[in-house]
Amino acid sequence: MTFEDLGLSADLLANVAREGYEEPTPVQAAAIPLVLAGRDVLAAAQTGTGKTAAFVLPILERLRHHGNAAFSPARHPVRVLILTPTRELAMQIAESVRTYGRSVPLRSTVVYGGTRMDPEIRTLWAGVEILVATPGRLLDHVGQRTVNLSQVEVLVLDEGDRMLDMGFIPDVRQIVSLLPKSRQTLLFSATFSDDVRRLAKEFLRDPETVEVAARNSVADNLAEVLYPVDGRLKADLLIHLIERDQMEQVLVFTRSKLGAGRLASYLDRRGVNTSAIHGDRSQAERTRALAAFKGGFVKVLVATDVASRGLDIEGLPYVVNYELPYEPQDYIHRIGRTGRAGASGVAISLVSPDEVDELRGVQRLLRRAIPVQVVDEFLPDPDREPEPVRRFGRGHGSAAPGSVPAPASGRARSPRPRRSAAAAGR
Ligand code: AMP
């Protein structure tokens, strides 16, 4: 399957080629023809599968005939509304719309909370055909009558499962009530929970289902490893692994904002260049932290689940779960930051004995065990913590640490990420 087979115009194909994409990813191959045909689509695709192009390209194709150079805002009504749960994701989608649509004369913009509304209002008043928005900020604009949604032809609900988790559905419902009933609706979600299916029933009409990755699966170019660790030694084990495996770019997840800030300053004090990204930081601070990380100026980025949502860092080689998430689904979201289209990655979990329940939840969701490795000096102390290491072996078939076969390159070496030629060349 090539992009040429999908029914896109030559200029869109050229834009895609310019990005270095050689062939469509599975979700693109499956979804693009359906969207072009005007169908509603429910697609299960985790971040990193190329899902943004899977909806942006066919939407551009379908609506390009509306493009015009008229000055009047009335000639540029909002025709495409893309709702997404976080600011970072909104920014990235808007960027993708610009990139993939550089040759298409449709105007686009993005609105999200945490920034001044005035510049957004000026752009909206001038007229845009494609609007990317977080739900709360869009409702602010609706309240101020700075946006009119009565001519929307296509609605995209991105990261549906996350919208649910973050409690955005009432906002989404209110927004949908302002849209024409006759429209095309696309719902993308990393996972298909029953709640997501209910959402599809509510908002989509006779949808086609696209399910390319197996249910609740993780990308297969991703190596996972679990290190049992004494809770008090986690930060030191992390530093040890960063040094031992010469990690240059590591995204580390903590459960709380406080934990993220604390860990970042500890790592910084210990000479590991680190930045943090969490909900208490301003949009400008988050953007700066992300840019520094992407640019290689900081080695480690510590993030909370909410703040990390939608981070697109191409070919990120390492993701570390400093603490396992309370919600097993978040494990899949987190490690979806690595092993993205083409590049391979390593997802490391540092698990202390008090996290056995969370581990069990994750392994139950994955329906398999995460391979265990040990670094002796960081193991939980059996005298202080009763029944420590053995507990990792119970339940779902994960090997007890002591019984883990030594990797060829040495017992304590974790897998190293590999970049495919295609990914490295991007
Ligand atoms: P997404 O899932 O939309 O966040 O995309 C994940 C990453 O894959 C982005 O960095 C895209 O630039 C990249 N990508 C999207 N489509 C392709 C493709 N067909 N071939 C290679 N990379 C792609």
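These legends walk through several close-up views of one predicted model. In this predicted model, local features need pLDDT of at least 70 and side-chain atom pairs count only at pLDDT 80 or more, while totals for chains, interfaces and linings use all residues. Residues are numbered from 1 along each chain as its sequence is written, and side-chain values use heavy atoms, with hydrogens and water left out.

**View 1. Here is the seven-stranded sheet.** Seven strands build an open sheet in the order E3-E4-E2-E5-E6-E1-E7, and the pairing is parallel. Strands, labelled E, are DSSP runs of at least two residues, and helices (H or I) are runs of at least four, with numbering from the N terminus. Two strands count as paired if DSSP finds at least two bridges between them. At the edges you'll find E3 and strand E7 (208-211), each pairing on one side only. On average, neighbouring strands in this sheet are turned by 15 degrees against each other, direction ignored.

**View 2. Now for two strand pairs from that sheet.** Strand E3 (residues 108-111) runs parallel to strand E4 (residues 130-133), and four bridges join them. Look for Thr109, whose bridge partner in E4 is Leu131.

**View 3. Helix H8 meets helix H6.** The axes of helix H6 (residues 135-143) and H8 come within 9 Å and cross at roughly 40 degrees. Axes are lines fitted to C-alpha atoms, for helices over the stretch in contact, and angles run from 0 to 180 degrees between N-to-C directions. The two helices, H6 and H8, are therefore oblique to each other. (Under 35 degrees counts as roughly parallel, over 145 as roughly antiparallel, 65 to 115 as roughly perpendicular, and the rest as oblique.) On the H6 side, Pro135, Gly136, Leu138 and Leu139 meet Asp171, Val172, Gln174 and Ile175 of H8, where contact means heavy atoms within 4.5 Å. Sorted by class, that contact of H6 with H8 has five nonpolar, two polar and one charged residues.

**View 4. Helix H8 also meets helix H9.** Helix H8 (residues 169-176) and helix H9 (residues 194-203) have axes that come within 12 Å and cross at roughly 15 degrees. That makes H8 roughly parallel to H9. From H8, the contact takes in Ile169, Val172, Arg173 and Val176, and from H9 it takes in Leu199, Glu202 and Phe203. The residues of this contact of H8 with H9 split into five nonpolar, no polar and two charged.

View 5. Six strands form an open sheet with parallel pairing, in the order E8-E13-E12-E9-E11-E10. Strand E8 (222-228) and strand E10 (274-277) are at the edges with a single partner strand each, so one side of each is left without a neighbour in the sheet. From one strand to the next, the twist averages 20 degrees. Strand E9 (residues 250-254) and strand E11 (residues 300-304) run parallel and are joined by five bridges, with Thr304 in E11 as the bridge partner of Thr254. Helix H11 (residues 257-269) lies across E9, E10 and E11, running at about 165 degrees to E11.

**View 6. Last up are helices H14 and H15.** Their axes, those of helix H14 (residues 328-335) and helix H15 (residues 356-366), come within 8 Å and cross at roughly 70 degrees. H14 and H15 are therefore roughly perpendicular to each other. Pro328, Gln329, Tyr331 and Ile332 of H14 meet Gly361, Val362, Leu365 and Leu366 of H15.

Technical notes:
Nonpolar A, V, L, I, M, F, W, Y, C, P; charged D, E, K, R; others polar.
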